[in-house]
Amino acid sequence: MTNSNVASIEMVHLVKRFGNFTAVDDLSLTVEPGEIFGLLGPNGSGKTTTVNMISGLSAPTSGQVRVMGHDLRTQTRQVRQILGSVPQETALYEELSAWTNLDFHADIFGIPSREKKARIENMLNLVGLTDRKDSPVGTFSGGMKRRLALARALLHDPQLVYLDEPTLGVDVQSRRAIWDYILALRQQGKTVLITTNYLEEAQELCSRIAIIDHGRLVALDTPEELKQQFGGSVVEIETVEPFGMLAELRALPGIKDIQLENRFLKVTTESGTNVVPQVINLAAQCCEIRDINIREPNLDEVFLHLTGTALRD
Amino acid sequence: MFNELGYQLRVVWACAKKDFQAALTDRLFTVLSLFVPVNLLILMSLFVLAGSNAPTAVVMEDQGPYAQAFYQAMSQAHSFRLQITSAAEAEHLITAGQTVAVVTIPADFDAKVQRNQPVQVGVKINNLNTDFTNDIRRAIPLSITSFYAKAFPNLVSVSVQEHDLYVHDTDYVPYLGVSILVIALMMGGLLQAGTASAKEWENQTIKELLLSPASRWAITVGKMLGSFIVSLGSTIIVLLVLIVFVGVVPENWGEVLGFTLLSLVIFNTVGTLLGTVIKTRQPVIALSMGISLPLFFLSGAFGPISFSTPVLQTIAKIFPVYYQIVVLQHAFHGFALNTYGLWGNTLILVGYALVLIVLMAAALQRTTVSH
């Protein structure tokens, strides 16, 4: 039994060790019902290990995980009934047809036989694969496989859906379609947990983001707040000749970060300040400006700042 | 409770059906695994035939009754494949490597035998193969003894009084054929179940199973049932070859059916266990072959292991293959190859099956996905 006041996922001091290697290190966070929650981190940061513990595929070394109020140690089966999962590798039976894959899933998740056919038809229709229902999955494109994996995960009507890299290796058109399906899940009141290497994806979909690195939580907030924490604005200026007033620029109040590479200057201002006009004036005094761009910080920059590494390193 | 049981049975059937459907799509592998055991049957039969009677040329320089009787004694020695030739032709055959020996019955054979004088039968051996050479060396004196026992019964006072345990003799190929049936069950079971399980890990589809609320027991039994159905195919083919073409007709059809199914359960469980632990198909295939052949030779495939050394007997009894050969030889030929009795051997095999199923479920229970 679940209720809407109970956190969808609650991790408390979660630790997972493989021998001497600590994959997840004292991770505590809560995912609220109905939100799309992004788990971000570089490769090997502990995202998949964390999710494996949430789904009961891997037992924590210490700490506790509760899913919709169910303790994973004692109520694994209840958790699996309310969890729909789209693994990174899709885990579809490629030699079997789309229909057979869904039919098998329906059987092992105990979907009532009288509802099975209608549910499979609905799901195939939802992900636009009805006309390919009898084709072997091995003949599908990456995007089609992702869509089918999503249909499979939703077939038993789970309350919590986990998607591992949902658009990895799919074309732009399929990516947009998958994003739309995910956003529709939130409208249906489902909680969605996403791990992704695409910051653009996290920004587009997630209501909150947790950034983990070396198994530890380094940031947790909404995408907007994370960007604000990083800085107010980013000013990118291209000059005709090399910029030569670095000391004066540094002396301006409200400057958070300066990066100068030959004729390319990138200045990040602190949030809540209005130093951008002064930066532009200083550049204009020094050199002839060829191009100028003022924008918000993006999640890539936030990520780099927090972890010291680009996301796909 | 009935709902729960119904759900778990549905999982069993779904897993079995899915594995069967997947096997049907991988046609090349399925055909290969169906015919590997038959190929083994043919290979072993050829091996047996190649090692049978030694081709021997006989030069009959004497055509008298004693010379003829000696030839008859040789032909009944179960060691020669005789061919009467001229001296020149015999020389050609042995030089060309087409005969193992040339036996020359001299022109004065009858005369000297009648006079009770020493007579020398010439034997020229192509001794490049000890096995055949020793066959000849054993069989010629045996032929001489047989010849004297028949031609001069009053001169040979020692005779054999044979009491057979069984109504009829059993030839090498019919005995071996039953052993090959066991190895066919083993290869078919290990290959089918092992690769079906390992494939789940290789393709990561195991996640779909492990993330479901189905019990690991139901998944285990379902997967075993799927490979069991596929490996039944190779079993039926080998049984047909054995019964129809080799002519080994079972004495007890019920035992054949029961012990064949029990053996399939055991080998499919071992295969599923291997696939679950190793998780990749290639080593599973190599190991299936690697396990099957030594166990085949170790477990009394060519003759009762009880005729072998105590050490080999002890090692053989560790593995179920030994007991499977015992019970299936009983089913086909009525032999009792050990003293445990049919029920004793059956109980041991059922014990193996139960322990292996528990091990298999435990392996899957303990298994977690890496990362």
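User: How many Å separate the centres of domain 1 and domain 2 of chain A?

Analyst: The centres, taken over C-alpha atoms, are 42 Å apart. Domain 1 covers residues 9-223 and domain 2 covers 232-296, with bounds that come from an automatic or database domain assignment. This is a predicted model: local features need pLDDT of at least 70 and side-chain atom pairs count only at pLDDT 80 or more, while totals for chains, interfaces and linings use all residues. Residues are numbered from 1 along each chain as its sequence is written, and chains are lettered from A and ligands numbered from 1 in the order in which they are written.

User: What is the make-up of chain A in helices and strands, and what box do its C-alpha atoms fill?

Analyst: Chain A has 11 helices and 14 strands, where helices (H or I, at least four residues) and strands (E, at least two) are DSSP runs numbered from the N terminus. Along the principal axes, the C-alpha atoms fill roughly 75 × 45 × 35 Å.

User: Why is chain B called more spread out than a compact globule?

Analyst: The radius of gyration, taken over C-alpha atoms, is set against a globule rule of 2.2 Å times the number of residues to the power 0.38. For 371 residues the rule gives 21 Å, and the value for chain B is 28 Å, well over it, so chain B is more spread out than a compact globule. Its C-alpha box is roughly 95 × 45 × 35 Å along the principal axes. Chain B holds 14 helices and 4 strands.

User: What makes Thr90(A) buried or exposed?

Analyst: The test counts other C-beta atoms, placed from the backbone, within 10 Å of the residue's own: 20 or more is buried, 12 or fewer is exposed, and anything in between is partly exposed. Thr90(A) has 25 such atoms within 10 Å, so it is buried. Its place is the loop between β6 (83-86) and α3 (98-108) of chain A. Thr90(A) is not a glycine, yet its phi is positive, about 65 degrees.

User: On which side of the cut-offs does His78(B) fall, buried or exposed?

Analyst: His78(B) has 10 C-beta neighbours inside 10 Å, so it counts as exposed. The phi of His78(B) is also positive, about 60 degrees, although the residue is not a glycine. His78(B) lies in the loop between α3 (65-75) and β2 of chain B.

User: What share of each chain counts as buried?

Analyst: In chain A, 44% of the 313 residues count as buried. In chain B, 41% of the 371 residues do.

User: What makes β2 and β4 of chain B edge strands?

Analyst: The open sheet of 4 strands in chain B has the order β2-β1-β3-β4, with mixed pairing. Two strands pair if DSSP finds at least two bridges between them. β2 (80-85) and β4 (122-125) each have a single partner strand, so one side of each has no neighbour in the sheet. Neighbouring strands are turned by 20 degrees against each other on average, direction ignored.

User: How do you know that the pairing of β3(B) meets the bridge criterion?

Analyst: β1(B) and β3(B) are parallel and share 5 bridges, with Thr56(B) opposite Ala101(B). β3 (residues 101-105) and β4(B) run antiparallel and are joined by 4 bridges. Between these two strands, Ala101(B) is the bridge partner of Ile125(B), and Val103(B) stands opposite Val123(B).

User: Which direction does helix α6 of chain B take against β4(B)?

Analyst: Angles run from 0 to 180 degrees between N-to-C directions, with axes fitted as lines to C-alpha atoms, for helices over the stretch in contact. Helix α6 (residues 130-151) makes about 170 degrees with β4(B) and packs on the sheet, touching β1, β2, β3 and β4 of chain B.

User: Why is β3(B) called mostly covered?

Analyst: Of the 5 residues of β3(B), 4 are buried.

User: What counts as contact between the chains, and how many residues take part?

Analyst: Two residues are in contact if their C-beta atoms, placed from the backbone, lie within 7 Å. The contact takes 22 residues from chain B and 24 from chain A. On the chain B side, α1 (2-25) and α8 (206-210) each supply at least two residues, and the largest share, 8 residues, comes from α1(B).
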